[in-house]
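Colleague: Before I plan anything around the charged side chains, could you take me through how the labels are assigned?

Modeller: Gladly; please have a look at the structure, and then ask about whichever label you like.

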Amino acid sequence: MKFLWENTFLAIVAFGVLYWLLSRYAFGPLFSIMEKRRELVMSEMNEAAETRKQAVTYVEEQKKALEQARQEAQDIIEQSRQTGGKQAEALLADANAEANRLKNDAIREIESEKNKAVAALRSELGTASVQIASKLIKKEVENGPAQEELVNQYLNEVGGRQ
């Protein structure tokens with residue numbers, strides 16, 4: 001194999017012409033398209049980074065809002081417990097007051113009935129005493145077993161009326 005300088009020179013010239021034609025007509029638009037593509041990719045990456053930052057911010061806001069909602073729910077639950085406890089205490093106090101009032105009313109009524117019964121018993125006892133005295137006077141009984149028997153008889157009658 002022999003090396004020919006003419007072929008090498010022609011190949012270098014052809015390559016130079018081809019390079020000049022490509023750089024004038026093909027490389028410019030090709031590099032321009034590639035640059036536009038690079039800029040598009042960079043802008044999309046920047047948008048993605050910005051969107052990610054916004055998403056992180058949004059997630060943090062949502063976490064804070066959720067925590068605040070949980071705290072408010074806890075506050076509402078605690079307030080409900082306190083209100084329920086106060087209502088239970090109020091109902092218990094009302095029930096105790098009503099029970100005491102009913103008890104006092106019952107005690108007064110019992111006392112009143114007792115006083116009426118005592119008054120009725122005294123009245124009956126007084127009537128029985130008058131009857132005994134009048135019967136004793138009628139019989140004009142002297143001291144002795146007959147008088148004792150009569151007193152016992154009337155006492156039994158009085159005892160039977162109870």
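Colleague: Why are the side chains of Glu 113 and Lys 116 said to meet in a salt bridge?

Modeller: The N to O distance for Glu 113 and Lys 116 is 3.8 Å, and a salt bridge is defined as a side-chain nitrogen of Lys or Arg within 4 Å of a carboxyl oxygen of Asp or Glu, so the pair qualifies. This is a predicted model, in which local features need pLDDT of at least 70 and side-chain atom pairs count only at pLDDT 80 or more, whereas totals for chains, interfaces and linings use all residues. Residues are numbered from 1 along each chain as its sequence is written, and side-chain values use heavy atoms, with hydrogens and water left out.

Colleague: What makes Glu 113 partly exposed, and what makes Lys 116 exposed?

Modeller: Buried means under 20% relative accessible area, exposed over 50%, and partly exposed in between (1.4 Å probe, protein chains only). Glu 113 has 44% and is therefore partly exposed, while Lys 116, at 52%, counts as exposed.

Colleague: Where do Glu 113 and Lys 116 lie?

Modeller: Both lie in helix 1, three residues apart, which is about one turn of the helix; helices (H or I, at least four residues) are DSSP runs, numbered from the N terminus.

Colleague: Which residues are linked in a network of salt bridges?

Modeller: The network links Glu 98, Arg 101, Asp 105 and Arg 108, and the side chains of Asp 105 and Arg 108 meet at 2.8 Å, N to O.

How values were computed:
Helix = DSSP H or I, 4+ residues; strand = E, 2+ residues; numbered from the N terminus.
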